Amino acid sequence: LEERNALFLAHAPEIGANAARGALRHAGWRAEEVDVLVVATSTGFAVPTLDHHLSARLGLRTDARSLCLTGLGCAGALRGIALAADLLRAEVARRALVVGVELCSPWLQVAEPSPEDVASNLLFGDGAGAVALESDRDGGALEVLAWDSQLWPDSATARGATLTQSGFRHFASPALPRLVLRMLPRTVDAFLASRGLSRADLRFYVVNPSDHRVLEAIARALDVPDALMQPAWDAWSAHGNTLSAGPLYVLDALRRSAAPHPGSVGLALVLGPGLTCDLLLLRS
């Protein structure tokens, strides 16, 4: 366990910093202009936490606020975006940087792996991504309109991980797709209705690519056209399940291949452990 976590500590700060620098370049910012840094990771442990390591590598101001979100799995970066958007809206900060960093490969199960371990070894990949948020919206950027996080009842055993001496062991219930089909439509419809919208108003989707079963269940539950699911499938094909970095890869795929028309409304959706459903309402 110690050796595996040492691999995370050796590489995660560098990989996360590289992703953050890419987001800064894309936004045209200098590191000292960042007011808030939110880092999400569920694949390693560090004290001081990973956000401190990234702050030092990036050269952020010493008074910049930083926070590390851990144990949220796939939901980490999306929850970080929602938190950063709230801080910007409250005028606590003007510019924020959200980074998702996950190193799954050090936790591969190789000692007497169970069938679930073998499946996990195939599903999960290493990844990092970052996104810059600003209170003064750029004309070409996505705007965060609203967000919500729902904990579905009686779902604690639907998906998650346990920590053992040989690393994380992922578990997923065979009933997970059925749970998605039953719970997701009412969750999404209630979220949209509270904003005076319906699924018919959505023009793009950012769906976390956790695995093919879940992607198929989400598309079926919400009647999402194949074309709108393509960014998620592209990220899945290229990277597998990279936990918190996954939605950031999908955002990048959306930007590269199917950029939404200005003024259109879309939904970012992540199913995290618990089972939690995190939603972001976005406008292009």
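1. **Ground rules.** Because the model is predicted, local features need pLDDT of at least 70 and side-chain atom pairs count only at pLDDT 80 or more, while totals for chains, interfaces and linings use all residues. Residues are numbered from 1 along each chain as its sequence is written, and side-chain values use heavy atoms, with hydrogens and water left out.

2. **The largest pocket.** A pocket here is an open set of points on a 1 Å grid over the protein atoms alone, where a 1.4 Å probe fits, with protein on both sides within 12 Å along at least five of seven lines; lining residues have an atom within 4 Å of a point. Grid points are joined across faces, edges and corners, and the volume is the space filled by probe spheres set on them. The lining has 44 residues, and those nearest the centre are His 26, Val 131, Ala 132, Ala 141 and Leu 142. Two or more lining residues come from each of α1 (2-27), α3 (76-89), β4 (127-134), β5 (143-151), α8 (246-257) and β10 (276-283). Helices (H or I, at least four residues) and strands (E, at least two) are DSSP runs numbered from the N terminus.

3. **Its lining by class.** The lining of the largest pocket divides into 27 nonpolar, 8 polar and 9 charged residues. Ala, Val, Leu, Ile, Met, Phe, Trp, Tyr, Cys and Pro count as nonpolar, Asp, Glu, Lys and Arg as charged, and the others, Gly among them, as polar.

4. **The second largest pocket.** This one has a volume of about 670 Å³. Of its 35 lining residues, Ser 42, Thr 43, Ala 161, Phe 168 and Leu 243 lie nearest the centre. Its lining draws two or more residues from each of β2 (65-70), α4 (115-123), β6 (159-164), β7 (167-172) and β9 (265-272). By class, there are 15 nonpolar, 17 polar and 3 charged residues.

5. **Cis peptide bonds.** Do look at Val 47 and Pro 48, which are joined by a cis peptide bond with omega about 5 degrees. Pro 48 sits in the loop between β1 (36-41) and α2 (50-58). Another cis bond, also with omega about 5 degrees, links Gly 274 to Leu 275, and Leu 275 is in the loop between β9 and β10.

6. **Positive phi.** Glu 91 is not a glycine, yet its phi is positive, near 60 degrees. Glu 91 lies in the loop between α3 and β3 (95-102) and is exposed, at 72% relative accessible area. Exposed means over 50%, buried under 20% and partly exposed in between (1.4 Å probe, protein chains only). Asp 154, in the loop between β5 and β6, has a positive phi of about 55 degrees and is exposed at 84%.

7. **Helix α5.** Where does α5 bend? The bend, about 35 degrees, is at Met 183, and Pro 185 follows within four residues. A bend is the angle between axes fitted to the seven residues ending at a residue and the seven starting there. Buried residues of α5 include Leu 176, Met 183, Pro 185 and Phe 191.

8. **Helix α7.** A kink of about 30 degrees is centred on Ala 232. Met 229, Pro 231, Ala 232, Ala 235 and Trp 236 of α7 are buried. After α7 comes Gly 240, with a positive phi near 70 degrees.
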